[in-house]
Amino acid sequence: MDKKAKAFTIDSELLDKALLIGTISAIFGARFSYIISYPSAFKGDISSIFSLNTALLDPAGGFVIGFISVFLLVSRQKIEFWNFLDSLTPFLGVFIPAYFLSRFASGSGFGLATNLPWGIYLWGTTRHPVQLYLTFLSLIPLAIILLYAPAKKLPSGSTFLIFTIFTSSYILFIAAFQVPNSLIAGFRFEQIASWIIILISLILLNSRMRTPALKDHYETQG
Amino acid sequence: MKTYLMKFRIPISICYLAVCIAWIWFTKPVPDSTDPSAIEAAQIGFKAPYFNLPVLDAQEISTTDLKGKAFILNFWASWCPPCKAEMPDFQHAFEEYSNSGIQIIAVNATNQDSVVDVSLFVNQYGLTFPIILDQDGSASRDYSVHSLPTTYFIDENGIIKDIVIGGPIPLSLLRIQIDQLIME
């Protein structure tokens with residue numbers, strides 16, 4: 001990951017520092033977000049604010065606060081944030097398969113019932129091994145990143161956005177084989193969220209592609 | 001090829017988004033017999049596994065007795081330090097929510113404990129909620145309890161809503177979970 005950071009002209013020490021600060025901020029942020037979501041529960045039990053129990057963490061709030069912390073750190077260093085996101089992509093490429101594998105180990109995010117020969121017996125019936133489908137698919141962008149990133153002649157941010165589009169796409173596709181966790185208007189929340197992420201990423205990628213230097217390059221080509 | 005993709009990137013993107021919408025539409029979930037709420041398993045969203053176990057100093061209690069009531073199942077042992085740390089909060093929550101209809105049940109892993117130590121523990125901490133004895137470890141197996149304490153939050157339909165592995169569980173978390181069970 002340090003080698004890839006250098007390829008994106010990002011100091012690997014800065015990347016390590018950003019990940020450390022982002023992780024610590026996310027943990028504190030997750031606890032803070034949980035407390036402000038349920039303030040009355042902590043009346044007469046202030047000590048539980050410092051509880052080591054991980055059930056008192058709000059992952060969404062932690063992600064937002066962690067992201068803001070990293071953004072502020074990178075801005076202060078006067079580093080282009082898109083370049084920084086590109087350098088972070090190899091880390092995501094490793095983290096995401098590990099995350100899906102952990103869900104396979106815990107039995108969460110399980111699949112719909114199936115008669116296919118590669119089905120696994122889990123929670124009372126034979127199911128699609130969706131956690132394994134996701135793990136295998138998530139190795140493809142990792143391999144591409146390790147072999148080809150950074151892509152020449154593409155503007156900064158393209159590696160991160162293309163990675164995001166690919167990841168959200170296979171999540172959207174494979175979610176159809178999962179037992180739904182939560183629904184929005186009868187549709188799987190994971191699919192709706194993935195579609196929105198794909199839409200936003202495509203809009204941002206198009207906007208990055210419209211940088212004058214790149215536009216001129218492709219117009220002169222043909 | 002690259003120039004073609006660049007030139008028509010917007011129409012290609014719109015087509016791709018439309019294909020994704022079609023996939024979401026045609027793979028809309030349909031309830032079936034393998035729906036988790038129809039299967040007993042120690043996992044969130046599934047029906048809580050059946051048990052019928054003796055209560056300390058009383059008769060027996062089974063999941064049938066708890067039908068229509070939300071309840072909390074806490075697996076514990078008298079030698080387990082986080083269990084000792086969280087029991088006063090369970091007692092506090094039991095008293096605080098005594099009129100809510102939520103039942104707290106402590107399942108002692110008696111296959112790795114002793115009834116004498118359990119009785120001493122209950123008297124020491126002044127516990128007044130049911131203490132059931134899992135003497136052969138069957139409930140711990142059915143509920144996939146691999147570490148103590150482990151706590152299951154089960155709604156009035158018998159569906160597991162949340163699982164907290166490890167402890168101690170603070171009073172604030174118990175309040176939040178119980179309030180969510182009451183709201184459902």
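Two residues are in contact if their C-beta atoms, placed from the backbone, lie within 7 Å. This is a predicted model: local features need pLDDT of at least 70, side-chain atom pairs count only at pLDDT 80 or more, and totals for chains, interfaces and linings use all residues. Residues are numbered from 1 along each chain as its sequence is written, while chains are lettered from A and ligands numbered from 1 in the order in which they are written.

**View 1. The contact between chain A and chain B.** Chain A gives 33 residues to the contact and chain B gives 28 residues. On the side of chain B that touches chain A, the elements with two or more residues are α1 (2-7), α2 (9-26) and α6 (171-183) of chain B. Helices (H or I, at least four residues) and strands (E, at least two) are DSSP runs, numbered from the N terminus. The largest share of this side, 8 residues, comes from α2(B). By class, this side of chain B holds 18 nonpolar, 7 polar and 3 charged residues. Here Ala, Val, Leu, Ile, Met, Phe, Trp, Tyr, Cys and Pro count as nonpolar, Asp, Glu, Lys and Arg as charged, and the others, Gly among them, as polar.

**View 2. Helix α7(A) against helix α2(B).** The axes of α7 (residues 189-209) of chain A and α2(B) come within 11 Å and cross at roughly 175°. The two helices are therefore roughly antiparallel. Axes are lines fitted to C-alpha atoms, for helices over the stretch in contact, and angles run from 0 to 180 degrees between N-to-C directions. Angles under 35 degrees count as roughly parallel, over 145 as roughly antiparallel, 65 to 115 as roughly perpendicular and the rest as oblique. Residues of α7(A), including W195(A), L199(A) and L202(A), meet residues of α2(B), including S13(B), L17(B) and I21(B). The contact of α7(A) with α2(B) has 10 nonpolar, 3 polar and 1 charged residues.

**View 3. Helices α4 and α6 within chain A.** Helix α4 (residues 81-106) and helix α6 (residues 158-174) of chain A pack at an angle of about 30°, their axes 8 Å apart. α4(A) and α6(A) are therefore roughly parallel to each other. In α4(A), L85(A), D86(A), T89(A), L92(A), G93(A) and I96(A) meet T159(A), F160(A), F163(A) and T167(A) in α6(A). This contact has 5 nonpolar, 4 polar and 1 charged residues.

**View 4. The kinked helix α3(B).** Helix α3 (residues 81-96) of chain B has 16 residues. A kink of about 30° lies at M87(B), shortly before the proline P88(B). The bend at a residue is the angle between axes fitted to the seven residues ending there and the seven starting there. Buried residues of α3(B) include C83(B), M87(B), F90(B) and F94(B). A residue is buried if 20 or more other C-beta atoms lie within 10 Å of its own, exposed if 12 or fewer, and partly exposed in between. The buried residues of α3(B) pack against β3 (71-76), β4 (103-108), α4 (115-125) and α6 of chain B.

**View 5. Backbone exceptions in the loops.** Most residues other than glycine have a negative phi, and most peptide bonds are trans. K78(A) has a positive phi of about 60° and lies in the loop between α3 (59-76) and α4 of chain A. K78(A) counts as exposed, with 6 C-beta neighbours inside 10 Å. W123(A) has a positive phi of about 50° and is partly exposed. In chain B, a cis peptide bond joins L148(B) and P149(B), with omega about -5°. The peptide bond from G167(B) to P168(B) is also cis, with omega near 5°.

Methods. Expected span 1.5 Å × (residues − 1).
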